[in-house]
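Here are a few notes for someone meeting this structure for the first time. They take up a helix with the loop after it, and then a pair of helices in contact.

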Amino acid sequence: MAWFRAARSISQLATKRNIILSRTTTPSRFFQTTKAVQYSSSPVPRPVPLSRLTDSFLDGTSSVYLEELQRAWENDPNSVDESWDNFFKNFLGQKASTSPGISGQTIQESMKLLLLVRAYQVNGHRKANLDPLGLEQREVPDDLDISFYGFTEEDLDREFFIGVWKMAGFLSENRPVRTLSSIVTRLEQAYCGTVGYEYMHIADREKCNWLRDKIETPESTQYDTERRVVFLDRLIWSTQFENFLATKWTAAKRFGLEGGETLIPGMKEMFDRAADRGVESIVIGMSHRGRLNVLANVVRKPLTQIFNEFSGGTKPVDEDGLYTGTGDVKYHLGTSYDRPTRGGKRIHLSLVANPSHLEAVDPVVVGKTRAKQYYSNDRDRVKNLGVLIHGDGSFAGQGVVYETLHLSALPNYTTGGTIHIVVNNQVAFTTDPRSGRSSQYCTDVAKALDAPIFHVNGDDLEAVVHVCELAAEWRQIFHSDVVVDIVCYRRFGHNEIDEPSFTQPKMYKIIRNHPSALEIYQKKLLESGQIGQEDIDRIHKKVNSILNEEFVNSKDHVTRKRDWLSAYWSGFKSPEQVSRIQNTGVKPEILKNVGKATTTLPDNFKPHRAVKKIYEQRSQMIETGKGIDWAVAETLAFATLLVEGNHVRLSGQDVERGTFSHRHAVVHDQETGEKYCPLDHVLPNQNDEMFTVSNSSLSEFGVVGFELGYSMENPNSLVLWEAQFGDFANGAQVIFDQFLSSGESKWLRQTGLVFLLPHGYDGQGPEHSSARLERFLQMSDDNPYVIPEMDSTLRKQIQECNWQVVNTTTPANYFHVLRRQIHREFRKPLIVMSPKNLLRHKDCKSSLSEFDDVQGHPGFDKQGTRFKRLIKDQSNHSDLEKGIRRLVLCSGKIYYELDEERKRVNGKDVAICRVEQLCPFPYDLIQRELKRYPKVGKGRICKLDASFANFINQISLFMEEPMNMGAYNYVTLRLCTAMRALDRGTMEDIKYVGRAPSAATATGFSQVHVKEQTELVQKALKQDPINYPW
């Protein structure tokens, strides 16, 4: 920017002298502080504020320097920098004679005027009238006063022209000549009214110029009568809805919008403008404050249904395969609707269900929006938009907000910008802002993304509408995030039965006497003469009539249809509908073809020599059909699903290579740095996003939420998230607790999201051993005392369970469990305790024939080729084996250690079975194995870790978790139920072999780990009886 370079030259010259003079001054006592400090505003550029310069801007070094530059320019314009050439041309050249006022203008005054304009652009929001309650007393920055620059009242009537700076707004060449008074007046209107703009932190000049053109208009925005009537109608709906609920249900919690009613007309105008700009679908996420109002007036959820829910609600009836779940409170529910816009278009709105964890829904909305863009082929990201409504306390205080913002520009996570609306109550529950954040504004976190922030007084309806429309335009033009901060208040407490005066007495004394936004706007329209009282009364009467009519109808309302989020889910079964089990084997020729495609690199591609060797080995595996390892099995699962037309998406930390350097889904050319992903080339002309593998940011909460939202849009996709280590998943615990484990029960929303959580005890210490298996099993909702219907073809056990937890031990079984996620008529989350050392274990291999659908091949059983929930002993035992003295039930990698020890001690009288699916529990297969070994009776069944009980602790590696962790408590109850049904013993007959209870998941000493593991494996196979528990 020319003017910037010119000002910098002056500042740098004066600064040199200032630095010399200031070397003897005492340094500030508050170099770093959290104390609220008032800084004197300084013109940009810095480093030294002009108010502190020893050299006046009009005198000394700077003045001499300017005069020398002017003389040089007069002699030869080419002798000075281009910026100064433009400067002198505008003020001393041809344009200088346009008027007497301008011709007398000095260069120094011009520069000062430019700095004044910039001061308003930078700090005008600090003077703006943003607080409708007038509680906030903010000090006006010095640089917004004309006297700061040496101007006096005598200069107000002088005319000035701010030259050509390749800038917009007041700094553009097409601005008319104005007096200083008119310039300051317009700056005050633009930057210090009821809207405060923050955008000067944005480094992109094009974006700043666009905003200047929108803000620094010759006149302030005015709306015609027709638009104002629409605004009024929408505000009356917003206000009367809350009044109606308060009248009918005086003691009910509803988390109303009173004090922030302008949100509703603002959102509706935003959506209308977005639709005019090409948006076809909007996904909305918000917490409970104002949610019912948004549901009713923006998303158009039927009023009869909302009122019915207030009256207690009824479960849906007369529907085949009815599944109602547990339900949720009315202010957590979501819905969707196709809404007509003011411009004559239709736009699809989806409000995503959200728990009380205020900002937890943020990444879910963004992920769902990204999925909509993929399925609608919205490559420019202009048809699908995410809108998030935040609270002031949660936006500043909850880390998931930044985790979500941080995804906004990442290639495989961007949605082309999210619009953020903050309903700023100026209090969080009972916490004042001074205790809730360290920054000036609750929105300051968004500055990290160069997002513009529009603060607006919530009592000024037209200002709210203006910034909402501006936000919609910004998003559609620049495809980046934008924030609207509606500074309002909460007329009642956190909820309607809360007493806010306990903690905010001063605020609520003012609120009690403060007029509503509707009263303020009605008064404004009446004073303007654009609308009469009879017109206002007519709208009120219409709204009240509809509300009362819908209230009467709500008494007979019957919910009949489940409200799925997307049409893609049509035909999918609820937990109470019958769904047949499907095989997951693939034709041998398809396996060979995709295997070749995924193990072949381009001829001119130069991978790392170790990676080249890996791909050569993989090619050999496919060719021979033997020795298929974990990574190849996974690749075959992905590739075959792609061939069948399904979308596959894998994300997480380091997933492209894999934490343990096993996957190498993306290969890097060692000379050019070019990337190549073989799974992008399985099909001819394959969509470049049909298979997506992407390293994520170092986030769990945000990314897991994103992938959950992505998976909810379309069931015909395999969406996976892999943790770097399994225990990192606890960084996303809110998503597991509030969404995944209970979302179907609360909100009737299914998802097939897969989690790969590396788990296993291999001496890496407490933090990298356990994926906290016990937490997932504890949240499983299957009854441990009831054996469900276990029909081999119609098995509803999985349908009726909230999710699945598996710990697979063979590449083939991993292949089938992934494909099973798609080859069924319903969706359930899948938690995989994925291995670490099995990735390269010499015995952990499968043959290609275990993947196909050919009858007679190893993977084909009575029903066909599918995932094996339990793998029986591999010693070719008959259906009735009498020579076995002990049945060891285990899970995970520990099997290979047990089998190796069994071979060493020649323990042919011990049977080892692997429980591959922990939840839901495979009662039928457990009972099958109990029947196979009739001599294994009371006192003879080893449990899990090294025996059945140890099954819990053997989910991944050695002895696995301590007794108070892992699967011990989950499996013991269910095993006992299976045994009791066959009269084969009780709880006391299950002999546990495993680690003792512990506070830490594992020891940090490798020698101790080896000792523990060895002793436990030997104990499981010893000849002597196992004495429970030790």
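1. The model is a predicted one, and glycine 278 lies in its loop between α9 (263-276) and β4 (281-286).

2. Of the 14 residues of α9, 13 are buried, so that the helix is mostly covered. Its end C-alpha atoms are 20 Å apart, which agrees with the 20 Å that 14 residues should span at 1.5 Å a residue.

3. Glycine 278, which follows α9, has a positive phi, near 110 degrees.

4. Leaving aside residues up to four places away in sequence, glycine 278 touches Val382, Lys383 and Gln476. The C-alpha atoms of glycine 278 and valine 382 are separated by 6.3 Å, although the two residues are 104 residues apart along the chain.

5. Turning to the helix pair, the axes of α12 (residues 362-375) and α23 (residues 701-713) come within 6 Å and cross at roughly 45 degrees. The two helices are therefore oblique to each other, and their crossing is right-handed.

6. Among the residues that meet are Pro363, Val364 and Tyr374 in α12, and Phe701, Leu708 and Met712 in α23. The residues of this contact between α12 and α23 divide into 11 nonpolar, four polar and four charged.

Definitions and conventions:
Residues numbered from 1 in each chain as written. Predicted model: local features only at pLDDT ≥ 70, side-chain atom pairs only at ≥ 80, totals over all residues. Heavy atoms only, no water. Axes fitted to C-alpha atoms, helices over the stretch in contact; angles between N-to-C directions. Helix = DSSP H or I, 4+ residues; strand = E, 2+ residues; numbered from the N terminus. Parallel < 35°, antiparallel > 145°, perpendicular 65-115°, else oblique. Left-handed = near helix turned anticlockwise from the far one by under 90°. Contact = heavy atoms within 4.5 Å. Nonpolar A, V, L, I, M, F, W, Y, C, P; charged D, E, K, R; others polar. Expected span 1.5 Å × (residues − 1). Buried < 20%, exposed > 50% of the residue type's maximum accessible area, 1.4 Å probe, protein only.
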